[in-house]
Amino acid sequence: MLRFYCLIRTADADAIGVNRQKEQRQEAYVKKLKRVQTDVIEVQRPKGDFEYITAGYGVANWSIQTALCCWLCANYGNQRLPIVSISDGARDIRLRLWRVFGGQVTIILDWYHLNKKVWTLMSMIAKNKLQKEEAAKTIVGLLWVAKTDDAIGYIQTMTVKNTLKQEELIEYLRKHQTEIINYKKRKEVEKTIGSGRAEKGVDMIVAYRQKNKPIAWSEKGSYALSTLRAEALNLAKAASRTLNITATIILKIWLWDSILNFYTSAARIAG
């Protein structure tokens, strides 16, 4: 999962896998991947509202990175936008960020995934339920305020039932240590610590239609439908903005008209 955050503007991105159609049987058939990876990015326009970007369909070499770069150029020109990405820490997300922003991006590990990782692995590490809950709460509490070294030290002193999973959790925290921040402080200043907008985007654009079993999709079909769905949602947002603007204008006209009628009536009574 990928989430871009600008200090000025924000953009969310995510990817979701749907079932791939089976290939026609033929000689020397090579089994293909079972999933079609469909990417979605939600970006914030200069005026503050959001719209969706997909890789598109029908244009050669039109990747999600190309679409994002073109969108940024069209909407922000040559502005330098400091980017903070909140993601689940996947390697392909880092590579994509570096391709688009040249490495000039700060990556924060999504709190939901960090918290879930600790609890999931602790279920396999701890000897019993009591130890699991006590250890998980302690580790999560330390990570909440960016005390990663203390969390690792605590895990190392534990008496466990599965040393391989213990090492896996330690390695995970070491790998993402630079991405684990003081989530408490960030939360206190009302900045987001998760990537819920990105997840909601892929649910609305891809999963809503394509994740239903037993439906399967080709890359072309998945990309084409995602592009249409994204454009439909963008148009719906644009229409909503127009309606809101229209409603605001009507309300202002009504208020001024009411005020004018009030003072006119008051003047007639006084006269």
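Trainee: What does the accessible surface of the protein chain come to, and what percentage of it belongs to carbon and sulfur atoms?

Mentor: This is a predicted model, in which local features need pLDDT of at least 70 and side-chain atom pairs count only at pLDDT 80 or more, while totals for chains, interfaces and linings use all residues. Residues are numbered from 1 along each chain as its sequence is written, and side-chain values use heavy atoms, with hydrogens and water left out. Accessible areas come from the Shrake-Rupley method with a 1.4 Å probe, and for residues only the protein chains shown count as cover. On that basis the surface of the chain comes to about 16800 Å², and the percentage belonging to carbon and sulfur atoms is 56%.

Trainee: What percentage of the residues in the protein chain is buried?

Mentor: A residue counts as buried under 20% relative accessible area, as exposed over 50%, and as partly exposed in between (1.4 Å probe, protein chains only). The chain has nine helices and six strands, these being DSSP runs numbered from the N terminus (H or I, at least four residues, for helices; E, at least two, for strands). Of the 271 residues in the chain, the buried percentage is 37%.

Trainee: Which residues have the most contacts inside the largest nonpolar core?

Mentor: A nonpolar core is a set of buried Ala, Val, Leu, Ile, Met, Phe, Trp, Tyr and Cys residues joined through side-chain atoms within 4.5 Å. The largest of these cores has 29 residues, and the elements giving two or more residues to this core are β5 (83-87), β6 (105-109), α3, α4 (129-144), α5 and α6. A second, separate core of 18 residues includes Ile 41, Ala 55, Ile 83 and Ile 107. In the largest core, the residues with the most contacts are Leu 114, Met 122, Leu 143, Leu 169, Leu 173 and Tyr 183.

Trainee: Leaving aside neighbours within four places in sequence, with which residues is Thr 148 in contact?

Mentor: Thr 148 belongs to helix α5 (residues 148-156) and is buried, with a relative accessibility of 3%. Contact here means heavy atoms within 4.5 Å, and Leu 173, seen from its own side, touches residues including Thr 148, Ala 151, Ile 152 and Ile 155 once residues up to four places away are not counted. With its own neighbours within four places left aside, Thr 148 is in contact with Leu 143, Leu 173, Gln 177 and Ile 180.

Trainee: Within what arc do the buried residues of α2 fall, seen down its axis?

Mentor: In helix α2 (residues 91-101), the buried residues are Ile 93, Arg 94, Leu 97, Val 100 and Phe 101. The arc is that of the directions from the helix axis to the C-beta atoms, and because the buried residues fall within a limited arc, they line one face of the helix. The face turned away from this buried side carries the exposed residues Arg 91 and Arg 99. Seen down the axis of α2, the arc of the buried residues is 135°.

Trainee: Which residues are linked with Asp 49 in a network of salt bridges?

Mentor: A salt bridge is a side-chain nitrogen of Lys or Arg within 4 Å of a carboxyl oxygen of Asp or Glu, and the structure holds four of them. Asp 49, in the loop between β3 (35-44) and β4 (50-54), meets Arg 45 in one at 2.6 Å, N to O. Asp 49 is buried at 14% relative accessible area, whereas Arg 45 is partly exposed at 21%. The residues linked with Asp 49 in the network are Arg 45 and Glu 51.

Trainee: How many residues apart in sequence are the parts that Glu 168 and Lys 117 tie together?

Mentor: Glu 168 forms a salt bridge with Lys 117, with the closest N and O atoms 3.9 Å apart. Glu 168 is partly exposed at 30% relative accessibility, and Lys 117 is partly exposed at 28%. Because Glu 168 lies in helix α6 (residues 163-175) and Lys 117 in helix α3 (residues 111-125), the pair ties together parts whose separation in sequence is 51 residues.

Trainee: About how much of a helix separates Lys 165 and Glu 168?

Mentor: The side chains of Lys 165 and Glu 168 meet in a salt bridge at 3.1 Å, N to O, and Lys 165 is partly exposed at 24% relative accessible area. An α-helix has 3.6 residues a turn, so residues three or four places apart point the same way. Since Lys 165 and Glu 168 are three residues apart in helix α6, their separation is about one helical turn.
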